[in-house]
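Have the viewer open as you read.

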Amino acid sequence: MATEWINEPVEVRVDFCGRHILPRAMRWNNHTYAIHHVNMVHSSFNGTDKLFFFSVSDKTNYFKLQLDTSSLEWRLVEMYAE
Amino acid sequence: MNTSRIIMHIDFNSYFASVEQQANPFLRGKAIGVGGKPGTRSIVATASIEAKRQGVKTAMASSEAVKILPELQMIDGDARKYSEMTERFMNIYKRHAGVVEQFSIDEAFLDVTNECEDWMDAIAIALRIREEIKNEIGSYTTASIGIAPNKLVAKIASESDKPHGVTVVYPDEVEAFLDNRELSDVPGIGFAILRRLEEMGISKISQLREAPFSTLASFKQYGHFLYNAARGKDNSPVSDVAEKPKSVGHSYTLPFDTDSPEVLRATLLHLADKVAWRLRKHGLVARSYSAVVRFESMSFSSSMGRFDAPTNEGFKIFNGAWSKVSPLLHRDKIRLVGVSARDLVPVHEQVSTDKKESKRTKLLPALDKIQHRYGSGSWLRASELMAVKLKERSNGFFFDHIGESNKAY
């Protein structure tokens, strides 16, 4: 088991709860993954563009999702499978 | 009624590793190390509690760590994630304490004297902070807390019960508490001092306390520190004023040993530009510099020089450093290069009469704006194209991306 760098665009369904964005499902490579837990959210800047990173998981996989707030694009940055 | 200060020291346990375990639940309970992969020139920046229990130590070479513990999983560090968590816990602390001093990436001192009627209030604050860390960062990131009348004893206290302890040392218990600790537990007493004290027949804190001040005179100014530390005395205030740096430097261990002038020139220039950016961000110029090189044989060479005029321009810093490094190229292959800017003073605008230099200096604010807008690496000199690609690093005191961002450090 090792963390695999992916960096590909994905589709993500989210819930907006108060001031929080909670990813609920992700579609990648024609497969839909239900997201069971949002374990951590952090942000970063690329110049003045803000990026949000969501560390999420289902029963067997961990995914790191990136939301670029300037383009509103979601990307799967990395994953780890048990 | 309490008459002494009440100081807290809060220290996260296996910080980077616990943040990674919080983010990825499949790493929890496992021996992990944050750092580069074995086979690369990397060290274990932090080992998880599980890995430490099986002999893996911080700063150990990754290859050595994996030999000790083959099932150790090495995880690439994510400096931006850790720095955001640091910002979060600092904000939590500031909600509870009048003065908060960030001591390192995962440690802080809090002066809660004005917030507490008595020591029970301080314990209540500590427990609330722990709860807020759990809610806002995650239940897997834990911190040990020491509460004492001063910074020195608070820090020793937080180290005494890891992980996840809260240790209170009341003013009248300080000496008894210290007598149960080792001399090496005292911050500021390192291996060389321990050896000297042992030669004097001092191997315990109680013995250090019994030694008359005249015995410690050989340590000169440091003798005052030893005298006070043995008694648990420390008047240093908790300060939230960020000090300007005394020097600014960057060094890098190359992924391969080399004697290629092109690669070393380009890499050193890249490092000099990073130093220059940080100087300009702080509004400082350097009057002198140092360059350091580590050879394939692991020996070091370091030398210093002085600028004709104070500067915060990358090319000038590079020229100084290269003048020290280039004569060493034929000695041995090089595995690390570094440059530091020293004797820092506030910048005073000076107009150069040299046209080329004046043109270069005028360009710098525009290049800084580009970097601020588009991030690190958004511009590069043509002569840096041969440079080794510098990976972002984080260590106990500094994050590369903070130094290069527009954020105050």
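Is the crossing of H11(B) and H12(B) left-handed or right-handed?

## About the model

This is a predicted model, in which local features need pLDDT of at least 70, side-chain atom pairs count only at pLDDT 80 or more, and totals for chains, interfaces and linings use all residues. Residues are numbered from 1 along each chain as its sequence is written, while chains are lettered from A and ligands numbered from 1 in the order in which they are written.

Helices (H or I, at least four residues) and strands (E, at least two) are DSSP runs, numbered from the N terminus.

## A pair of helices in chain B

The crossing of H11(B) and H12(B) is right-handed, the term for a near helix turned clockwise from the far one by less than a right angle. Helix H11 (residues 261-282) and helix H12 (residues 314-325) of chain B have axes that come within 8 Å and cross at roughly 135 degrees. Axes here are lines fitted to C-alpha atoms, for helices over the stretch in contact, and angles run from 0 to 180 degrees between N-to-C directions. That angle makes H11(B) oblique to H12(B); oblique is what remains once angles under 35 degrees (roughly parallel), over 145 (roughly antiparallel) and 65 to 115 (roughly perpendicular) are set aside.

Residues are in contact if their C-beta atoms, placed from the backbone, lie within 7 Å. On the H11(B) side, the meeting residues include B:Leu264, B:Leu268 and B:Ala272, and on the H12(B) side they include B:Ile317, B:Phe318 and B:Trp322. The residues of this contact divide into 11 nonpolar, one polar and two charged (Ala, Val, Leu, Ile, Met, Phe, Trp, Tyr, Cys and Pro count as nonpolar, Asp, Glu, Lys and Arg as charged, and the others, Gly among them, as polar).

## The sheet in chain B

Five strands of chain B form an open, mixed sheet in the order S5-S6-S1-S7-S8, where pairing takes at least two DSSP bridges between two strands. Strands S5 (99-104) and S8 (166-168) of chain B are at the edges with a single partner strand each, so one side of each has no neighbour in the sheet. From one strand to the next, the twist averages 15 degrees.

## Where the chains meet

In all, 16 residues of chain A are in contact with 16 residues of chain B. S5(A) gives the most to chain A's side, with eight residues.

Key: Two residues are in contact if their C-beta atoms, placed from the backbone, lie within 7 Å.
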